[in-house]
Amino acid sequence: MIPACRLADLPRGEAHRLDIEPPVSVFHTDDGELFAIDDTCTHQDASLADGWLEGCEVECPLHASKFDLRTGAVDAPPAKLPVRTHEVVVEDGMVHVRLSADAPNLPPCISARLAGGAA
Amino acid sequence: MRTVAVVGASLAGLSAARSLRQRGYDGRLVVIGEESHRPYDRPPLSKEFLAGTIGEADLALERDDEELHAEWLLGARATGLDRTARAIRLADGREVRADGVVIATGAAARTLPGAEGLAGVHVLRTLDDARALRDDLARGGRLVVIGGGFVGAEVASTAYALGLDVTVIEAAPTPLAGPLGETMGAVVSALHTDHGVRLLCGVGVKGLSGERQVEAVLLEDGRSVPADTVVVGVGARPCVDWLEGSGITLDNGVKCGADGRTSLAGVVAVGDCANWYDPHTGTHRRVEHWTGALERPAAAVAALLAHGATEPGVPRAPYFWSDQYGVKIQFVGQAAGADSVTVEEGSTDDRSFLAVYRRAGRQVAVLGMNQPRLFTRARKQFGTAAS
């Protein structure tokens, strides 16, 4: 498990980004639920923590794709692939993330960079 | 309704087809597209696709597991709409009869008179345009972009990153003054000069020189700008010629109500070709934004299926983005009519700021440069404030 932040430091409606590779973000919804997903939009290099949180969905800050925080599913283009979801555990007021073992769906520009290809 | 024909197979047409199925329409669905390609995303054509960072497969708008149960008539140009027979005529002589019609034929790039047949001269609107331009940019050399609007600026930015020698020519004194206003148009277009790209403003283009291959762009003031490749980015016109004589009301595209309904019953129009009534301003406005093509078909399809018996919701304020020289530019609202613009976060010198446009003290638009987080918050508040 990776410690993310103190729960008291993550107000409702806000997100906290973990600068790991690839980055992961924890969202605290207006209803008080916590979710963790991959932070990078599957379409292009954009941080979903900067996005528009409404209910259990976050809209990419650049374009219009919305991701369901519960499932990672995407609703509309330009993104076509879901983001990974991760388990959130709160212990002693500290938010932790247990990372998914699945392969991430990173956007083509990031995948190319990580693979050492021309980007 | 037993057959719905969607004329146009780009984002607006695809969004309409999706909305039809999402709303439970289970009849025959025919999607007619002039290009031979399945729906693809156009914004990357001037950016990542032109740069070679992403390929054609990445442009596909449909998901691999998506099944709309539609008949795709691709490479089929619509040439007429027969209102009595309720039929769409195609260039190859075929006819598609339909009870409901969604017009989504988009817009076409304006060209420069006299440029026909000259190699090295491009417009950028379609995948085929982008392939051809990418091949020419790969030769390097000197690129001259005619038009300092968003498409022109993005091509200039991509070509600069590819190592070309780039000049941008803009007829108006300030590029982007229409969408962003004079002040911010100057700030955003300064990205060119920041990077050593030449920007010539306030001078018109007289013509092109060259025998078979373009050699230079000739300016109204007598100057000649040498060029190996020329991109003409001087806007787009709605593709509605095929509707002439159909009886549908045309006025800067297809004239529509606030829910996309046209003057013909059973016919709606969406996307770049549609001039929707804007309840905020009380005027018609043809919006050429990607997000409009994505979001508005839902309202139009609802009106089509309900035979107009719906109350159109208030659309989200128009939003667009651009990426130039690694800087993210985001804009929501309408700059036209604003009487002030103030930088409220960051600084224009850093090319990282949030600027708010107001008219009589009321916020009418927000511009962000490299501030996606602040911009998203401002856009969210904007949506509430404007409704």
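Figure 1. The domain assignment of chain B, whose bounds come from an automatic or database assignment, gives domain 1 (3–108 + 237–305), domain 2 (111–234) and domain 3 (326–386). This is a predicted model, in which local features need pLDDT of at least 70 and side-chain atom pairs count only at pLDDT 80 or more, while totals for chains, interfaces and linings use all residues. Residues are numbered from 1 along each chain as its sequence is written, and chains are lettered from A and ligands numbered from 1 in the order in which they are written. The C-alpha centres of domain 1 and domain 2 of chain B lie 29 Å apart. Eleven residues from domain 1 of chain B and 13 residues from domain 2 of chain B take part in the contact, two residues being in contact if their C-beta atoms, placed from the backbone, lie within 7 Å. On the domain 1 side, helix H2 (residues 48–51) of chain B supplies the largest share, three residues. Helices (H or I, at least four residues) and strands (E, at least two) are DSSP runs, numbered from the N terminus. By class, this side of domain 1 has seven nonpolar, two polar and two charged residues; Ala, Val, Leu, Ile, Met, Phe, Trp, Tyr, Cys and Pro count as nonpolar, Asp, Glu, Lys and Arg as charged, and the others, Gly among them, as polar.

**Figure 2. The largest nonpolar core.** This core has 87 residues, and B:Ile32 and B:Val102 have the most contacts inside it. A nonpolar core is a set of buried Ala, Val, Leu, Ile, Met, Phe, Trp, Tyr and Cys residues joined through C-beta atoms within 7 Å. A residue is buried if 20 or more other C-beta atoms lie within 10 Å of its own, exposed if 12 or fewer, and partly exposed in between, with C-beta atoms placed from the backbone. Helix H8 (residues 297–305) of chain B contributes the largest share of the core, seven residues. Domain 1 and domain 2 of chain B each provide at least three residues to this core. Leaving aside neighbours within four places in sequence, B:Val102 is in contact with residues including B:Val4, B:Val268, B:Ala300 and B:Leu304. Another core, of 51 residues, lies apart from it, with A:Ala4, A:Cys60, A:Leu69 and B:Val364 among its members.

**Figure 3. Helix H1 of chain B and its surroundings.** At 1.5 Å a residue, the twelve residues of H1 (residues 11–22) of chain B should span 16 Å, and the end C-alpha atoms are 16 Å apart, which agrees; the expected span is 1.5 Å times one less than the number of residues. Ten of the twelve residues of H1(B) are buried, so the helix is largely enclosed by the rest of the structure. These buried residues pack against strand E1 (3–7), strand E2 (28–33), strand E7 (100–103), helix H7 (290–295) and H8 of chain B. In H8 of chain B is B:Ala298, which counts as buried with 21 C-beta neighbours inside 10 Å. B:Ala298 and B:Ala12 are 286 residues apart in sequence and 9.8 Å apart in space, C-alpha to C-alpha. Just after H1(B), B:Gly24 takes a positive phi of about 90°.

**Figure 4. An open sheet in chain B.** Its three strands have the order E18-E20-E21, with mixed pairing; two strands pair if DSSP finds at least two bridges between them. Strand E18 (254–255) and strand E21 (283–286) of chain B stand at the edges, each with a single partner strand, so one side of each is left without a neighbour in the sheet. Strand E20 (residues 274–278) of chain B runs antiparallel to E21(B), joined by four bridges. B:Asn275 stands opposite B:Arg286 in E21(B).

Figure 5. Strands E2 (residues 14–18) and E3 (residues 24–28) of chain A run antiparallel and are joined by five bridges. The bridge partner of A:Glu14 is A:His28 in E3(A).
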